[in-house]
Amino acid sequence: MAPALTTDERPSRSRDGVRDDRGARGRTPIPGDAPEEPDGPDGPGGPDGGGDAEAGDAARTVRARTEPMAVYALRDDDQYLVDTEGGTYVVDLGSETCTCPDHAIRGNHCKHLRRVDMAVGIGRVPAPGERVAACAVCGSGVFVPARETGAFLCGDHRPAVGSFVRDRETDELLVVTGIRATRADEYRTKDGKRISDYETNADYGVHEPVIEAVYVGNAPASPGPLDVSGRKRYGFPASRLRRLDPGERPGTPVIGI
Ligand SMILES: [Zn+2]
Ligand SMILES: [Zn+2]
């Protein structure tokens, strides 16, 4: 049974790389923390650091890093709830504001703003413009553009574009040319058939995003780079394509994607 051929327009969209870059980035969220002990002695409304401004900023950074605070992303763009024993505040990263007295009254870049910046930096909460989605294969959280809908993959289940994979049904070698946010039961091939309707895809989730790939034969023979530009693109439910262990991967560079 031949796998599903993709439509003509999709390969060109995959080649321009725009959709791929805007898709799930495989940045896996880290579960949130919770406050374990009371806020610092002077609290979020107290004199932060005192003395000159530079010393105050350094003290705020230390507090942002060490004091127990729980950070939650709110549904509104750019906004985060910061829960501390001393109070609960709303930080807006878009306008760089916080509802605590240290920012609202004194205009300082408070410890809550700093803490949210840190939480975004280490992947504990989504960045502004992102939301958390579930990987279609394993269900773990993944950050995706907030306005992007469809199906997504985590870093463990999202192969790199240009990487070699194997078809679990036939064990044939392929190169990934694109990753869509379109589900297998929505993505239609040239002849209007849905990817999920192909018999050979029966064992894979209809809710999975479609991965586009080209067949490259079982042994890329030529010593130079492998040019896949002229090859037909086929669509697969994501989990049908198996990523290769480092030892299994052909070293051949791939061009023409
Ligand atoms: Zn604050
Ligand atoms: Zn996953």
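The legends below accompany close-up views of a predicted model of a single chain.

**View 1. The whole chain, with its predicted confidence.** The predicted chain contains five helices and 14 strands, and 33% of its 257 residues count as buried. Among contacts between residues at least 6 apart in sequence, 64% join residues at least 24 apart. The pLDDT averages 84 over the chain, with 79% of the residues scoring at least 70. Of the elements, strand 5 has the highest mean pLDDT, at 98, whereas helix 1 (residues 9-16) has the lowest, at 37.

View 2. Where pLDDT is low, the predicted coordinates should not be read in detail.

View 3. Four strands, in the order 2-3-4-5, form an open sheet in which the pairing is antiparallel. Its edges are strand 2 (70-73) and strand 5 (97-98), each of which pairs on one side only. Strand 3 (residues 79-84) is joined to strand 4 (residues 87-92) by six bridges in the antiparallel sense, and within this part of the sheet Tyr-80 stands opposite Val-91 of strand 4.

**View 4. Helix 5 and the elements that cover it.** Helix 5 spans residues 111-121, and its buried residues are Lys-111, His-112, Leu-113, Arg-115, Val-116 and Ala-119. The cover over these buried residues includes helix 3, helix 4 (101-104) and strands 2, 3, 4 and 5. After helix 5 comes Gly-123, which has a positive phi, near 80°.

**View 5. The annotated segment, residues 89-121.** An unreviewed UniProt entry carries the annotation "domain: SWIM-type" for residues 89-121. In the model this segment is 45% helix and 18% strand, and its end C-alpha atoms lie 20 Å apart.

**View 6. Thr-61 in helix 3.** Thr-61 lies in helix 3, which runs over residues 53-66. Because 17 other C-beta atoms lie within 10 Å, Thr-61 is partly exposed. Although Thr-61 and Cys-110 are 49 residues apart in sequence, their C-alpha atoms are 8.4 Å apart in space.

**View 7. The largest nonpolar core, and a second one.** The largest nonpolar core holds 34 residues, and those with the most contacts inside it are Phe-152, Val-175, Ile-211 and Ala-213. At least two residues of this core come from each of strand 7 (141-145), strand 8 (164-167), strand 9 (173-183), strand 10 (209-215) and strand 12 (234-237). Strand 9 gives the most to this core, with five residues. Apart from this core lies another, of 14 residues, among them Val-71, Cys-98, Leu-113 and Ala-119. In soluble globular proteins, nonpolar side chains tend to be buried together.

**View 8. The surroundings of Ala-213.** Ala-213 is one of the residues with the most contacts inside the largest nonpolar core. When its neighbours within four places in sequence are left aside, Ala-213 is in contact with Val-165, Leu-174, Val-175, Val-176, Thr-177, Tyr-234, Phe-236 and Leu-241.

Technical notes. Residues numbered from 1 in each chain as written. Chains lettered and ligands numbered in written order. Buried ≥ 20, exposed ≤ 12 C-beta atoms within 10 Å, placed from the backbone. UniProt positions renumbered as here; feature names shortened; annotations may be inferred. Pairing = 2+ DSSP bridges. Core = buried A, V, L, I, M, F, W, Y, C linked by C-beta atoms within 7 Å. Contact = placed C-beta atoms within 7 Å. pLDDT = per-residue confidence, 0-100.
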